[in-house]
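Q: Can we go through this model together? Start with whatever I need in order to read the element names.

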Amino acid sequence: MPDADHTQRDHGGGIDAAIAAYGGTRAGWLDLSTGINPVPYPLPDLPADAWTALPDAAAQHRLTEAARQLWRVPAGTGILAAPGASALIAQMPRLAPPGRVHIPHPTYNEHAAAFRGHGWSVTDTGERSDAQVVVHPNNPTGAWHDPEALNAPLVVIDESFADVSPDKSLVALAERPGRVVLKSFGKFWGLAGVRLGFAIAAPDTIARLADWLGPWPVSGPALSIGAAALSDAAWARNTRDRLNEDAARLDALMLRAGARLAGGTSLFRLYDVGDAARWQDHLARAHVWSRVFPYSKTRLRLGLPHPDRWGQLESALRDAP
């Protein structure tokens, strides 16, 4: 079967383009095109040297130990902090010689782009492959994956959204050779601008990734913010409860407006709306930005509004197409 090439390299966001097309100001737009928590972790006070000194080993250790405790990383498994999960995604194809990689479609498209860029053949069929990539839970469908089906020599498990349901994490697989679990800080903790992500894998794999990223890959402020946030178990529990409630509220609004639930997580919801471009245009006229996909004419994805912005979405949906 030829390489799967379902989609161009597209992402959420793009508010500047939306403003150019529909008017308004950035502050007046409700951006629901991403799956980022709209209520971010409150920034802690940072020591002055977080800004002025090179990040030291102690700060890095505090962060990785907080990550180890939160995600229950198996003993003996390594953890590497990086400037965002995207920086790690770009390195994954280098972990094995180019071959055939299975990436189920639809999913986050940066994985396929990274592997193609390193000479891999990308397929979305379940045929025998040299590597597998799964987004767990998947973006945008929200589907969780069966660990028994992950049997390639190299398996990359992207858990960027898994913190909404930590009991479903596959981090225990990271102690096996050839398994890498990726974590994103920006989604669940709502601080995408901090640029922080993690790789969890066997120590030799982590050592290779660390060499490729070079010294001081994570800034001092990001190390301090990440360590505080990952250590705050109470905030995480309360946030999961709120996200579940808000996701149910969003579903009720959309179903009442005529949409059909097609999947998602408590950070984003996927709907079948019949004509996705028409829905996106309708919402944009009310300065609500949504996500459509180049491979589907019917699917619309929405993130959650900030608690103060539900009224804007409710107003936009009153005369939905």
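A: Helices (H or I, at least four residues) and strands (E, at least two) are DSSP runs, numbered from the N terminus. The model is a predicted one.

Q: OK, how many helices and strands are there in the protein?
A: The protein has ten helices and 13 strands.

Q: And the radius of gyration, what does the protein have?
A: The value is 20 Å, which agrees with the figure near 20 Å that a compact globule of 321 residues would have. Along the principal axes, the C-alpha atoms fill a box of roughly 55 × 55 × 35 Å.

Q: What percentage of the residues is buried?
A: Of the 321 residues, 52% are buried.

Q: And contacts, taking residues at least 6 apart in sequence: what share joins residues at least 24 apart?
A: That share is 68%.

Q: Switching to the surface. How much of it belongs to carbon and sulfur atoms?
A: Carbon and sulfur atoms account for 51% of an accessible surface of about 14,200 Å².

Q: Charges, then: how far apart are the mean positions of the positive and negative ones?
A: They lie 3 Å apart, with 31 positive and 33 negative charges in the protein.

Q: Now α9. Which residues of that helix are buried?
A: In α9, residues 276-285, the buried ones are Ala276, Trp279, Gln280, His282, Leu283 and Ala284.

Q: What covers them?
A: The cover includes the helices α1 (15-22), α8 (233-256) and α10 (310-317). It also includes the strands β11 (288-289), β12 (291-293) and β13 (296-303).

Q: Which residue with a positive phi follows α9?
A: His287 does, with phi near 60°.

Definitions and conventions
Residues are numbered from 1 along each chain as its sequence is written. This is a predicted model: local features need pLDDT of at least 70, side-chain atom pairs count only at pLDDT 80 or more; totals for chains, interfaces and linings use all residues. Side-chain values use heavy atoms; hydrogens and water are left out. The radius of gyration is taken over C-alpha atoms; the globule rule is 2.2 Å times the number of residues to the power 0.38. Buried means under 20% relative accessible area, exposed over 50%, partly exposed in between (1.4 Å probe, protein chains only). Contact means heavy atoms within 4.5 Å. Accessible areas come from the Shrake-Rupley method with a 1.4 Å probe; for residues, only the protein chains shown count as cover. Lys and Arg count as positive and Asp and Glu as negative; His and the chain ends are not counted. The place of a charge is taken as NZ of Lys, CZ of Arg, CG of Asp or CD of Glu.
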